[in-house]
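I opened my notebook to look up a few things in this structure. Come along and read with me.

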Amino acid sequence: MISNGLNSATYPEIVSASASQISLSTELRSLLLAELNSSWSSTMLARLAAQRLAEIRQVFRQPIRSFSTALNYHIDSPDNNPDLLWEFSDANKEKVKEIISQYPSNYKQSAVIPLLDLAQQQHGGWLPVSAMNAVAKVIEVAPIRVYEVATFYSMFNRTKVGKYHLLVCGTTPCMIRGSREIKDTLLKHLGVKRNEVTKDGLFSVGEMECMGCCVNAPMITVADYSNGSEGYTYNYYEDVTPQRVVEIVEILKRGEKLPPGTQNPRRIRSGPEGGNTTLLGEPKPPPCRDLDAC
Amino acid sequence: MGLGLLASKAMRPASRIFNSQNPRNFLFRTIVSKPELQKPETSAAQAQPDPPPVDLPPRTPVAGARVHFPNPDDAIEVFVDGYPVKIPKGMTVLQACEVAGVDIPRFCYHSRLSIAGNCRMCLVEVEKSPKPVASCAMPALPGMKIKTDTPVAKKAREGVMEFLLMNHPLDCPICDQGGECDLQDQSMAFGSDRGRFTEMKRSVVDKNLGPLVKTVMTRCIQCTRCVRFATEVAGVQDLGMLGRGSGEEIGTYVEKLMTSELSGNVIDICPVGALTSKPFAFKARNWELKGTESIDVTDAVGSNIRIDSRGPEVMRIVPRLNEDINEEWISDKTRFCYDGLKRQRLNDPMIRGADGRFKVVSWRDALAVVAEVAHQVKPEEIVGVAGKLSDAESMMALKDFLNRMGSNNIWCEGTGMNPNADLRSGYLMNTSIAGLEKADVFLLVGTQPRVEAAMVNARIRKTVRANQAKVGYIGPETDLNYDHQHLGTGPQTLLEIAERRHPFYSTLANAKHPVIIVGAGLFEREDKDTIFSTVETIAENAKVVRPDWNGLNVLLLNAAQAAALDLGLVPESGNSIESAKFVYLMGADDVNLDKIPGDAFVVYQGHHGDRSVYRANVIFPAAAFSEKEGIYENTEGYAQQTFPAVPTVGDARDDWKIIRALSEVAGIKLPYDSLGAIRARIRTVAPNLVHLDEREPATFTASLKPASSQKITLTPFENVVENFYMTDSITRASKIMAQCSALLTKK
C-alpha cells in the first residue's frame with residue numbers, strides 16, 4: 001500500500017506539476033525566442049522567478065504521502081505493545097502445526113507469511129507487535145526478521161482496521177473506470193479518512209494494487225474479519241458504481257452476506273454486458289488433417 | 001531547481017544554448033557528461049577493434065590483495081581490461097578485478113560480510129553479457145572478459161550514482177562522514193555533475209541506537225552493511241530492513257538500543273554518514289586529525305588501533321587492520337574509552353600533608369620523600385604492584401628497582417598470589433587468536449570471552465558460524481552471542497569431564513581441532529593449581545595438545561599480564577601486602593586497599609585519579625598509553641608497541657623514567673637512560689618482548705609441570721568482569737563508558 005499511496009493520492013498533483021513544467025519550458029522558449037535580440041530585462045527575470053516560485057509552491061502543496069496502515073516503526077500504545085500477551089488460539093495452534101509441517105524442519109522460517117496471515121485473521125485483521133513476536137517464537141527467528149516481512153507486504157496491517165476492511169483497487173484500469181469516485185464515495189459515506197476505522201469499528205477503507213479483475217473494473221475487495229479466522233473471507237465485488245458500494249456497505253452493516261462477483265446484473269461473471277455479441281453459434285473446429293487418408 | 005539556479009540558467013543561454021550545434025541540448029538536460037557516454041553501445045563497438053596490448057606492465061593487486069589457491073587445479077583465467085589474471089574457482093568478478101589491480105566502486109559489498117548485491121554500484125561490462133553485471137555477486141567464469149573502463153560500465157555507474165543521490169540529502173557540509181565518505185568520493189570519481197531529480201527528497205525518522213551510534217537515517221542508501229554486520233559478526237539480530245520501495249528504511253522496528261559490544265564498528269562500515277560516532281559528532285573533521293598507529297590496552301587482546309588526535313587532544317580511536325588479532329573490528333570499549341584520557345588526570349607530583357589533603361610539590365621533593373621512606377623500612381616490607389595498563393618497560397624498571405632495594409615482592413594485578421610463570425604455555429593463548437578459526441569444538445572454562453575479550457569472542461562466533469563448531473561453557477549463567485551448551489557452573493562439571501563421565505567429553509575427544517579456553521579469572525582462586533591440572537588432564541585425555549595442534553589456552557584479562565609473567569613479576573610470599581610498610585602501586589587500582597596496613601606508606605604512580613589515589617601518600621603522575629612508547633604483549637604472546645599520539649598531561653612522565661629517576665635519588669641508580677637501553681635489559685630477561693609485531697609461541701607444553709596435590713573446592717566460578725564498559729582507570733574515568741554501562745548493560 002506504500003506504492004498505493006504514491007499511485008492515486010499524489011498522482012493528480014504530480015501530473016499537474018509536470019504538465020505545468022512542460023508548459024513552462026515551451027513558454028520560456030517562446031519568450032526567449034521573442035526576446036533573443038533584445039537584452040535581458042530585469043522584469044523578465046522577475047516574471048520568470050515568480051512563475052518558478054509559484055511552481056515550487058505547487059510542488060510543496062502536495063499532500064504528505066500516506067503510507068499503508070502504519071509507519072515503518074512501532075510506537076507503543078495501550079493496545080499494541082510488546083508487553084501484551086498474544087497467543088494463537090487452540091484451533092489455530094493446530095493450523096500452525098499444519099502450516100509448519102509443509103516446510104522442511106530446518107527451514108521453519110519459510111512459514112512466516114502464512115503464519116502472519118493466520119495471526120492477522122485471528123486478531124481482527126491487524127498485527128500487533130506482540131503477534132509478530134509470537135510468530136517469531138514459533139518459527140524460531142529473531143523478531144526483527146518477522147518485522148521485516150510484515151512491513152514489506154502491504155497486506156499485513158499493523159494498525160487497527162475495521163471488521164470489514166474495504167480495499168479499493170487503484171491501479172490504472174480501475175482508475176480509468178472510476179475507482180477514485182468509488183473511494184471518495186466510500187470515505188464520504190462512512191465519514192472516515194483512508195485507513196481510519198469507523199466509530200463502530202465495523203469499516204475501514206484502504207487501497208490496493210491490481211487484483212487481476214481489470215475486465216470487471218472497477219472493483220473493491222471486502223476482507224471480512226468479523227468471524228475470526230474461521231469465518232474469514234476475502235471477496236471481490238466487481239463492476240461497482242458509487243451507488244452500489246454504498247448499498248454493499250449497508251448490506252454488510254446489517255450483518256448480511258453478499259455473494260461475491262460482478263455487481264452488474266446484466267453481466268455474467270466477466271462476460272460482456274447484455275450477453276454475447278460474438279461467438280454466438282457453436283464454434284467451428286479447426287481444420288484438421290484427414291488422418292485416415294494417410 | 002532553486003531561484004539561484006534559475007537565474008544562472010537565464011544568464012547563460014544566449015552564448016551557449018543557441019550557438020550549440022545540438023539544439024536538443026536546450027530541451028533536454030542530459031545527464032551524460034561526454035558524447036560517447038550518450039551512446040555507449042556504439043562507441044563500445046568502435047572501441048572494440050583495438051586489441052589488448054601485448055607487453056602490459058604488471059599491475060599490483062588492490063590493497064595488496066593476496067590470492068590463495070586452495071586447490072591448484074581449480075585455478076581459472078579471466079581477463080580484466082585485457083590483463084590475464086589467474087584466480088581460484090569460486091571468486092567473484094569483483095575479487096578478480098581486485099587481484100588484477102582494478103578497484104571497483106562498491107557500497108554494499110564488504111569482504112567480511114555476506115554478499116547482498118543491492119547497491120548496483122559495482123556494475124561492470126562482461127563480454128557476451130547483454131547487460132552490465134553486478135560484479136560483487138557474479139562468480140568469475142573461465143575465460144571471462146571483464147571490462148571495467150568501458151563507456152557501458154561508466155554509464156552504468158553514473159546512472160546508479162544518480163539514483164543513489166536522488167534521495168540523499170545535500171548536507172555534506174554538516175555531515176561527520178564528510179572527507180571520509182564513500183558516497184562523496186565515488187560520486188566525485190564516477191558520478192555525473194548533475195542530477196535530474198526535481199521532486200521532493202524523502203526523509204526518514206532517526207533511530208535511537210544508544211549512546212555510541214548517532215543515526216541520520218535520511219542519509220542512508222540502504223546498502224544493508226549494518227544489518228549484515230549486526231546479524232553476522234556482532235550476533236545481535238536487532239537491525240533490519242523495514243518497508244519497501246521508496247519507503248524502505250533501516251531500523252529496529254521496536255525501540256531498541258544496540259546492545260552489542262561491537263556496535264561501534266557499524267560506524268566504520270557505513271559507507272555514508274547515516275551511522276556516525278555520537279561522541280565524535282561535530283567535534284572535528286577527519287582531515288584535521290593526526291593519526292598515530294598504536295595498540296589498545298583496555299583488554300588483553302591488543303587490538304591494533306589508530307589514535308586520531310588534534311593538538312593535545314585524542315579525538316577518536318579507530319581500528320587498524322590486523323588479520324591475526326582484530327581483523328578490522330574493535331570493541332566499543334577500545335573505540336570509545338578515549339574521553340577517559342581527558343578526565344581525572346593526575347598532572348603534578350603530590351604529597352599528602354598532615355591534614356590529609358594533597359599538596360602539589362616538585363618532582364625533586366616528591367622523589368626525595370619516597371626515596372627516604374623506602375630506605376627506612378625493611379626490604380621484605382617493600383611491595384610493588386604493577387597495574388593492568390603497565391607496559392613492559394615500566395614493569396622491568398619496577399622489578400629491577402625493587403630487587404635492588406632487596407625486595408622481591410612484586411606482581412601484576414590479576415595474576416593472583418602464586419602465578420604459574422615458569423612455562424609460557426601455562427598463561428598464553430597457545431592456539432593463537434587467528435588459529436581459533438580452525439577449531440570445531442570449544443570448551444570455555446570460567447571465562448566469558450564476550451566481556452573479557454570481545455575480539456576473541458568475535459573470532460569464536462565466526463568459527464561457530466563457519467564450521468558449526470560446538471561450544472561448551474562452564475561458569476555462571478551468561479549470554480554468549482552464539483549457540484552454546486551451558487555445562488555447569490563450577491569445578492564439579494570440570495571433574496566430570498576429566499573423569500570422562502560427562503557427555504561433552506566425547507564431543508571434545510572426537511573433535512578434529514578441540515580448543516579449551518581457561519579464563520584468567522581463575523588465577524585468583526585458592527585451588528587454581530588443581531583446576532589447571534584438571535584441565536590439563538582433560539587436554540591429555542582428549543588429545544587437545546598434539547604436535548601439530550595446541551588447543552589448550554588461557555585467556556588473559558588485561559594488557560600487562562602476559563608481559564608481567566614473561567618478565568617474572570611473581571611475588572616471593574603470598575601475603576606480603578598485609579605486612580607491607582612501603583607499597584609502590586604502579587597504576588594498580590584493583591588491589592584490595594583494605595589489605596594494606598594503616599601505617600604503610602603508599603606511593604601511587606599513574607595517570608588517573610582512580611581508586612588507589614584515595615589511599616596514596618605520594619602521587620607520581622605518569623603517562624597514559626596514548627602518550628608513551630611502550631611494549632605490550634597480548635594474550636597470545638604477540639608483542640606490539642604503542643606510540644605517543646599526544647603530549648603528556650602537565651608534569652607527567654613516562655613510567656619507567658619515573659622509576660629510573662627514583663632509583664637515582666635512592667642511590668641505587670638503574671643502568672639505563674634510554675628506551676633502547678631498557679629494551680636491551682628486557683632482551684636479557686624476555687627476548688620475545690622486543691621482537692615486535694611477532695607472535696612468539698610457547699616452546700614447552702604444560703605436561704612438564706609437576707602435578708598439584710591441592711584439594712579442589714566446589715565453589716562455582718564467578719563473573720570476572722562485572723561491567724564490560726568499565727574495567728580500568730581509563731574506562732572508569734570515561735563519561736561515554738558510564739553512559740554505556742547505565743544504558744546497555746543488562747540488569
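Before the first look-up I noted what a helix is here: a DSSP run of type H or I, at least four residues long, with numbering from the N terminus. I also kept in mind that this is a predicted model.

**Entry: one alanine in chain A**

I looked up where A:A91 sits, and found it in helix 4 of chain A, which covers residues 90-101. Is A:A91 buried, exposed or partly exposed? I read a relative accessibility of 44% for A:A91, so it counts as partly exposed. The band for that label lies between under 20% for buried and over 50% for exposed. Then I checked A:A91 against A:S229, which is 138 residues away along the chain. Their C-alpha atoms are separated by 9.5 Å.

**Entry: the domains of chain B**

I turned to chain B and wrote down how it is divided. Domain 1 takes 2-48, domain 2 takes 62-166 and domain 3 takes 172-277. Domain 4 is written as two stretches, 350-421 and 561-695, and domain 5 as 429-555. How far apart are the C-alpha centres of domain 2 and domain 4 of chain B? I found 54 Å between these centres.

**Entry: a database label**

Next I checked UniProt, where an unreviewed entry lists residues 152-191 of chain B as "domain: 4Fe-4S His(Cys)3-ligated-type". In the model, I saw that this stretch of chain B, 152-191, is 60% helix and 0% strand.

**Entry: a sheet in chain B**

I followed an open sheet of 3 strands in chain B, in the order 10-11-12, with antiparallel pairing. Its edge strands are strand 10 (290-295) and strand 12 (313-319), each of which pairs on one side only. From one strand to the next, the twist averages 30 degrees. How many bridges join strand 11 to strand 12 of chain B? I noted 6 bridges between strand 11, residues 304-310, and strand 12. One residue pair I picked out is B:S309, whose bridge partner in strand 12 is B:V314.

**Entry: cavities**

I found 9 cavities of 30 Å³ or more in the structure. The largest cavity has a volume of about 100 Å³. Its lining includes B:G387, B:M586, B:H607, B:K628, B:D655 and B:S729. Which strand gives the largest share of that lining? I wrote down strand 25 of chain B, residues 601-606, with 3 residues.

Key
Residues numbered from 1 in each chain as written. Chains lettered and ligands numbered in written order. Predicted model: local features only at pLDDT ≥ 70, side-chain atom pairs only at ≥ 80, totals over all residues. Heavy atoms only, no water. Domains from an automatic or database assignment. UniProt positions renumbered as here; feature names shortened; annotations may be inferred. Helix = DSSP H or I, 4+ residues; strand = E, 2+ residues; numbered from the N terminus. Buried < 20%, exposed > 50% of the residue type's maximum accessible area, 1.4 Å probe, protein only. Pairing = 2+ DSSP bridges. Axes fitted to C-alpha atoms, helices over the stretch in contact; angles between N-to-C directions. 1 Å grid on protein atoms, 1.4 Å probe; cavity = no way out; pocket = protein on both sides within 12 Å on 5 of 7 lines; lining within 4 Å. Points joined across faces, edges and corners; volume = space filled by probe spheres on them.
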